[in-house]
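Student: Could you take me through this model element by element, giving the criterion behind each term as it comes up?

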Amino acid sequence: MNLREAFRAGSREIIANKFRSALSFTAVSVGVASLLYTMAQTRGMEEALEKNLELMGPGRMTVEAKQNYVSKGLSSGLTYSDVLALRRELPDLYMVEPRSAYSSTLVAGRSKIDDVDVWGTTPDFRRRDWVYRLRGRFLNEWDVENRARVVVLIEPAGWVKKPFWAKFWMHDDPYDDFAKRHDLLGESVRLENSIFTVVGVLTPPARDKDPRWESWNTANALVPITVFQQSFTRFSNNPDSVDEIRIDTGDVKTLAARRKQISAILTRRHRGEEDFEIRDEREAIEAKMEDMKKMVKAGLALGIVALLAGGIGIMNVTLATIFARVREIGIRRAIGAGRSDILAQFLLEAALLGAAGGVAGVALGLVGVQWLSGLAGSREIAKITWLHCAEGIALASLVSAAFAFIPAYRASRLDPVEALKAE
Amino acid sequence: MNAISVDGLTRTYLGGYQALKGVSFSVAKGDFTAIMGPSGCGKSTLLNILGLLDRPTGGKYLLEGAETARLDDAEITALRRSRIGFVFQAFNLLPRLSALENVALPMAYAGAEVDERRARARELLTRVGLGAKVENTPLQLSGGERQRVGIARALANKPALLLADEPTGNLDSKSSVEILALFKELNAEGMTVVLVTHDPAIGAAAGKVIRIKDGLLA
């Protein structure tokens, strides 16, 4: 029996029993879709991880005040002097950036905007997160040393394609609204009670193209840390304090060693008080990836279960098909079909049915991945390749054929005389 | 050498019912033999054994001089496919296939090329007088026409032996006469024909009649 003919006969059977076929391959297609989604996620995650580690820096850590730490009164907390000391003692560090945040009021011309997020920082800000486009200039060392009243504004990020939830969920930010309509480069603006000159404007990438994990965690305005300490009223009673220090050793290999050195330097400077915590960003990102992997595993389990359920469905349909076609089997046997021909016929039919389910599943998966990555927001995590689609379809037909084996085998063992008597 | 030679053939079903109780006869090459007898006498069982669809419980069955008892299922299938053509009372055509595809099917199982199969199927259908209806499905054909397709299919792999189980049982008298004429023509061309029938007219037409009663030759 040649394959092409068996193929044609099989598809004819499937088309003749549309409803039965549709029922049985639904589960298979759900299985394939979720497997496809899972595979896409896994691949997308690997890419995202790499991209993020690259953007974040290989040797990234963040020093921040220890939670719920009650000071003995010896330490004055994290300070800009700590930053300078680290720079002095460990000159090979790629980045040592202080950061403090404050929510301020911005006055530009006749407009007054509340809740503008201002960060105090240094030129080291530009050492990582190279996603911005800059107009004008960034803060420089001179600005920091001389407490120049200059500010770099960060424009709100737009969307290439706005996901549907953003329409309902995103509140209108007054700064975003204002910044979209005014170009303040070169203008003077008032922050709190000081006049600043806008020397530069940073434009982030569109939100759905932003490769960073925490792209939402950005300020609206950047000022030199020294000016920040002077101009923005803080609750801290230490005028030199900073919220956190972001460090990149520049190399993942030096991370652990530098971390110890940094801890030692800071502990000494804080007069023995370990009132800070050093968070390894790589660990954090990997922990996040672990969480995502768990989700992916759940998807994988769902996919396998759905595929198995689909397989059992196919088995059921094959049984029903065979039951309805016992006479046909008898006829085929009588005119010269061997057991292997009968077995092959039903296996092929099941494989075809499974492949049809696989194709439907791939279609469902493609739509689903689009939809889900829209739902997940800005990050395009899922990546589907043609290989995944081919694998999905192959897997579906393989599983179907495997599950059809027992009924098909039983069909092939039918006694021709008995089979011919069936109605 | 006889086409068929059976000796002391018995067939006992599970539960002990004995359909054949020791039947011996032979059919020479080119014979036209009718097996006759009342309902339930075992003639269909005999025909199934002759057609290698069923196996005897005891006795010997030599097909073209070769013992069949020791063959396994694959060998039996190969023999059935190449040496035997089966014609059924209920036609037993596959309803979704056209007349041409039905006739070509045994050749497909024999491994013939598609073009060869279609050409031979067309030739056979023309031979049985259905050259104009090769693309019709069984449902678009009359009873007599269906049986012609059945006969054409039985001839597909050039068998040595044509077996028919009540081939006219489901047909009106006009079609019966035509089908019988077709069998006689085939026999005249040298085909060995064995058929089971109730119809005395067919019995009279056959060169030889084997009568069975209660599983024994009468």
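Student: Which handedness does the β-α-β unit made by β7(B), helix α6 and β8(B) have?

Tutor: This is a predicted model, in which local features need pLDDT of at least 70 and side-chain atom pairs count only at pLDDT 80 or more, while totals for chains, interfaces and linings use all residues. Residues are numbered from 1 along each chain as its sequence is written, and chains are lettered from A and ligands numbered from 1 in the order in which they are written. Helices (H or I, at least four residues) and strands (E, at least two) are DSSP runs, numbered from the N terminus, and a crossover counts as right-handed if, with the strands pointing away from the viewer, the path from the first strand over the helix to the second runs clockwise. By that criterion the unit of β7(B), α6(B) (residues 173-188) and β8(B) is right-handed.

Student: How many bridges join β7(B) to β8(B), and how many bridges does β7(B) share with β6(B)?

Tutor: Two strands pair if DSSP finds at least two bridges between them. β7(B) runs parallel to β8(B) (residues 192-197), with 5 bridges joining them, and Leu162(B) has Val193(B) as its bridge partner there. With β6(B) (residues 84-87), where Val87(B) stands opposite Ala164(B), the pairing is also in the parallel sense. The counts are therefore, by the definition of pairing, 5 bridges to β8(B) and 4 bridges to β6(B).

Student: How many residues of β7(B) are buried?

Tutor: A residue is buried if 20 or more other C-beta atoms lie within 10 Å of its own, exposed if 12 or fewer, and partly exposed in between, with C-beta atoms placed from the backbone. Leu161(B), Leu163(B) and Asp165(B) point one way from the strand, Leu162(B) and Ala164(B) point the other way, and all are buried. For β7(B) (residues 161-165), the number buried is 5 of 5.

Student: Which residues of α1(A) are buried?

Tutor: On the other side of α1(A), Arg4(A), Arg8(A) and Ile15(A) are exposed. Ile14(A), which lies in this helix (residues 3-16), counts as buried because 21 other C-beta atoms are within 10 Å. The buried residues of α1(A) are Ala9(A), Glu13(A) and Ile14(A).

Student: Within what arc do the buried residues of α1(A) fall?

Tutor: The arc is that of the directions from the helix axis to the C-beta atoms. Seen down the axis of α1(A), the buried residues line one face of the helix, because they fall within an arc of 135°.

Student: What separation do the C-alpha atoms of Ile14(A) and Ala350(A) have?

Tutor: Two residues are in contact if their C-beta atoms, placed from the backbone, lie within 7 Å. Not counting residues up to four places away in sequence, Ile14(A) touches Ser21(A), Glu349(A), Leu352(A), Leu353(A) and Ala356(A). Ala350(A) is 336 residues from Ile14(A) along the chain, and their C-alpha atoms are separated by 9.1 Å.

Student: How many residues does each chain give to the contact between chain A and chain B?

Tutor: On the side of chain B that touches chain A, the elements giving two or more residues are α2 (73-83) and α3 (99-110) of chain B. By class, that side has 9 nonpolar (Ala, Val, Leu, Ile, Met, Phe, Trp, Tyr, Cys and Pro), 6 charged (Asp, Glu, Lys and Arg) and 4 polar residues (the others, Gly among them). The contact takes 16 residues from chain A and 19 residues from chain B.
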